[in-house]
Amino acid sequence: MHEGSYVFSQIMSLVSHKQFQTLVNRYSGDYKVKDFSCWKQFLCMAFGQLTHRESLSDTLLCLKANAGKMYHLGIGEVVAKSTLTKANENRSYRIYQDLAMLLINEAKQLYIGDSDLDIQLSNNVFAIDATTIDLCLSTFHWATFRSTKGGIKLHTQLDLKTSIPEFILFSNASVHDVNALDFISFEANSFYVMDRGYVDYKRLYRIHVAGAFFITRAKDNMDFRRLYSRKADKSKGILCDQTIMLNGHYAAKHYPEKMRRIKFCDMETGKILIFLSNNFHIDATEVAQLYKHRWKIELFFKWIKQHLKIKSFWGQSENAVKTQIWIAISVYVLVAIAKKQFMLKQSLYEILQILSISIFEKIPINQLFQPTQLQYFKEQNHNQLKLFDL
């Protein structure tokens with residue numbers, strides 16, 4: 001089906017042109033546009049991100065060097081830097097925000113029933129965290145964080161079974177992480193795994209009342225009383241498994257129910273961790289394992305920041321920055337969709353690495369990821385292709 005078309009075109013063909021155009025029309029993206037449509041803008045930006053370009057100039061230089069292929073990529077004439085910059089500054093980032101959310105819903109359907117977790121749980125399991133993307137204040141005056149530093153914060157809820165983001169919110173970097181909990185709709189019977197920066201008893205109680213479960217780490221100064229203890233399996237690192245109530249007027253008022261407190265020793269590091277949860281049914285070791293899976297959201301942030309060129313922004317207005325981040329997220333989710341559609345065994349990270357050096361190949365994607373073909377690429381590009389270097 002894809003015989004003769006470039007790898008880049010095969011990836012881009014996973015975006016429904018009809019749905020994309022609906023989004024463009026919703027925000028009048030192509031209003032008074034002669035040649036450089038929103039679709040071409042998306043192709044240029046996605047190309048730059050998939051091939052790890054460092055800037056807009058770098059992206060356009062690479063496209064120019066392959067001018068003969070531009071028509072087949074769907075971009076057409078070589079684009080001027082001013083044209084792409086203007087598009088990023090002026091066309092609503094909401095086009096690409098809606099596109100990312102559309103692709104996320106599509107990916108979720110494809111991954112139903114899949115699970116990367118080493119725990120047999122029918123419940124959904126989400127991690128909630130935030131990362132700050134630093135910006136230079138003199139250039140990005142709208143993103144005040146500290147007096148000398150600018151920043152934008154990316155709050156994310158990630159499905160730990162599939163590594164697909166469920167919810168994404170941007171805020172000024174000075175906004176505290178815990179505020180994101182006010183914008184999340186908690187699903188009954190789902191688990192929400194968070195670090196101790198999210199310990200706010202009022203908000204945790206909201207999760208409890210929604211019939212959902214939280215797993216987080218206790219703060220050092222937590223004031224509580226023990227009601228009773230369960231049997232703890234010390235051979236698995238469980239030092240104690242207690243049912244507690246909070247002391248203190250406001251804490252007890254904000255979270256008036258029982259809570260579970262698990263003291264755990266990580267056998268690998270020797271580190272002692274104290275977990276809090278409102279779930280009394282799963283094993284104490286499973287609570288610790290679910291918390292351990294939080295690293296996947298760190299991986300998502302690292303992936304987004306390092307490999308989708310968010311550190312060096314390609315435009316300076318708030319609209320341009322958000323456009324770039326939402327296109328980066330769309331590319332991430334497109335790779336997740338490609339993994340399913342082309343039945344690829346490799347991780348999302350490996351797939352992106354391979355795609356970055358074979359974007360102009362004319363080979364069906366599922367063939368590209370065959371072992372013999374991969375070996376050929378590794379030998380050809382051993383300097384560029386550093387797999388497993390997370």
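Q: What does the accessible surface of the chain come to, and what share of it belongs to carbon and sulfur atoms?
A: The model is a predicted one, in which local features need pLDDT of at least 70, side-chain atom pairs count only at pLDDT 80 or more, and totals for chains, interfaces and linings use all residues. Residues are numbered from 1 along each chain as its sequence is written, and side-chain values use heavy atoms, with hydrogens and water left out. By the Shrake-Rupley method with a 1.4 Å probe, the accessible surface of the chain is about 18,300 Å², and the share of carbon and sulfur atoms is 50%.

Q: What percentage of the residues of the chain count as buried?
A: Buried means under 20% relative accessible area, with a 1.4 Å probe and protein chains only. Of the 390 residues in the chain, the buried share is 54%.

Q: Which residues lie nearest the centre of the largest pocket?
A: A pocket is an open set of points on a 1 Å grid over the protein atoms alone, where a 1.4 Å probe fits, with protein on both sides within 12 Å along at least five of seven lines; lining residues have an atom within 4 Å of a point. The largest pocket has a lining of 23 residues, and those nearest its centre are Asp 116, Ser 163, Lys 339, Ser 347 and Leu 348.

Q: Which helix gives the most to the lining of the largest pocket?
A: Helices are DSSP runs of H or I with at least four residues, numbered from the N terminus. Two or more lining residues come from each of helix 12 (318-341), helix 13 (348-357) and helix 11 (295-307). The most, five residues, come from helix 11.

How values were computed. Buried < 20%, exposed > 50% of the residue type's maximum accessible area, 1.4 Å probe, protein only.
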